[in-house]
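Subject: Structure handover

Hello,

Here is the structure for you to look over. My notes follow below it.

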Amino acid sequence: MTSQSQGIQQLLQAEKRAKDKLEEAKKRKGKRLKQAKEEAIAEIDHYRLQREKNFRQKQTNIMGSQGNLSTKIDEETATKIQDLTSNYRKNMESMIRHLLDKVYDIDPGLHPNYAYTI
């Protein structure tokens with residue numbers, strides 16, 4: 001009987017060791033999964049930052065920087081305003097003279113559509 005109880009004790013101890021090893025393996029697996037997840041997140045963040053950097057670089061190469069674009073638009077606007085102002089000053093006197101000539105040139109005749117009735 002003692003050999004049977006001794007065998008049962010050995011089986012129980014073996015079962016307990018197996019259970020402990022199984023729990024330890026589960027813990028190691030959980031740690032590995034957590035570590036792999038953290039590494040994947042770090043790798044994804046690194047990749048995302050790299051892609052964003054490449055995108056910004058291509059965007060500035062193609063479109064130019066916003067500061068350069070706005071200064072270029074301001075310069076073009078100032079140039080157009082200056083051209084319009086110079087054209088106004090150059091043509092102002094001749095246009096006023098032309099308008100006054102049309103106003104002062106009065107033809108005191110009857111309009112062709114006027115029907116003369118007696």
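I start with the surface. Tyr 88, Met 92, Ile 96, Leu 100, Val 103 and Tyr 104 make up a nonpolar surface patch, and their accessible area comes to about 630 Å² together. A patch takes residues with over 30% relative accessible area and no salt bridge; nonpolar side chains (Val, Leu, Ile, Met, Phe, Trp, Tyr) are joined within 5 Å, like charges within 9 Å. Areas are from the Shrake-Rupley method with a 1.4 Å probe, and for residues only the protein chains shown count as cover.

Before the rest, the ground rules. This is a predicted model: local features need pLDDT of at least 70, side-chain atom pairs count only at pLDDT 80 or more, and totals for chains, interfaces and linings use all residues. Residues are numbered from 1 along each chain as its sequence is written, and side-chain values use heavy atoms, with hydrogens and water left out.

Overall form

The protein has two helices and zero strands. Both terms refer to DSSP runs, numbered from the N terminus: helices are H or I with at least four residues, strands are E with at least two. The C-alpha trace spans about 155 × 45 × 15 Å along its principal axes. The radius of gyration is 47 Å, whereas a compact globule of 118 residues would have one near 13 Å. That radius is taken over C-alpha atoms, and the globule rule is 2.2 Å times the number of residues to the power 0.38.

Two C-alpha separations go with this. Gln 10 and Lys 37 are 27 residues apart along the chain, and their C-alpha atoms are separated by 40 Å. Lys 53 and Glu 93 are 40 residues apart along the chain, with 58 Å between their C-alpha atoms.

Exposure

What share of the 118 residues is buried? Buried residues make up 0%. The cut-offs for relative accessible area are under 20% for buried, over 50% for exposed, and in between for partly exposed (1.4 Å probe, protein chains only). The protein exposes about 12,200 Å², and carbon and sulfur atoms supply 57% of that.

Some single residues. Gln 10 sits in helix H1, which covers residues 2-63. Gln 10 counts as exposed because its relative accessible area is 53%. Lys 53 is also placed in helix H1, and Lys 53 is exposed at 57%. Ile 96, from the nonpolar patch, belongs to helix H2, residues 66-104. Ile 96 has 45% relative accessibility, so it counts as partly exposed.

Charges

There are 23 positive and 17 negative charges, and their mean positions are 16 Å apart. Lys and Arg count as positive, Asp and Glu as negative; His and the chain ends are not counted. Each charge is placed at NZ of Lys, CZ of Arg, CG of Asp or CD of Glu.

Side chains of opposite charge can pair when their charged atoms come close. How many salt bridges does a search of the whole structure find? It finds three. The criterion is a side-chain nitrogen of Lys or Arg within 4 Å of a carboxyl oxygen of Asp or Glu.

- Arg 28 with Glu 24: the closest N and O atoms are 3.0 Å apart. Both residues lie in helix H1, four residues apart, about one turn of the helix. Arg 28 is partly exposed at 42%, and Glu 24 is partly exposed at 47%.
- Arg 48 with Asp 45: the closest N and O atoms are 3.1 Å apart. These two are separated by about one helical turn because they are three residues apart in helix H1. Arg 48 is partly exposed at 44%, as is Asp 45 at 34%.
- Glu 52 with Arg 56: the closest N and O atoms are 3.4 Å apart. Both lie in helix H1, four residues apart, about one turn of the helix. Glu 52 is partly exposed at 33%, and Arg 56 is partly exposed at 47%.

Best wishes
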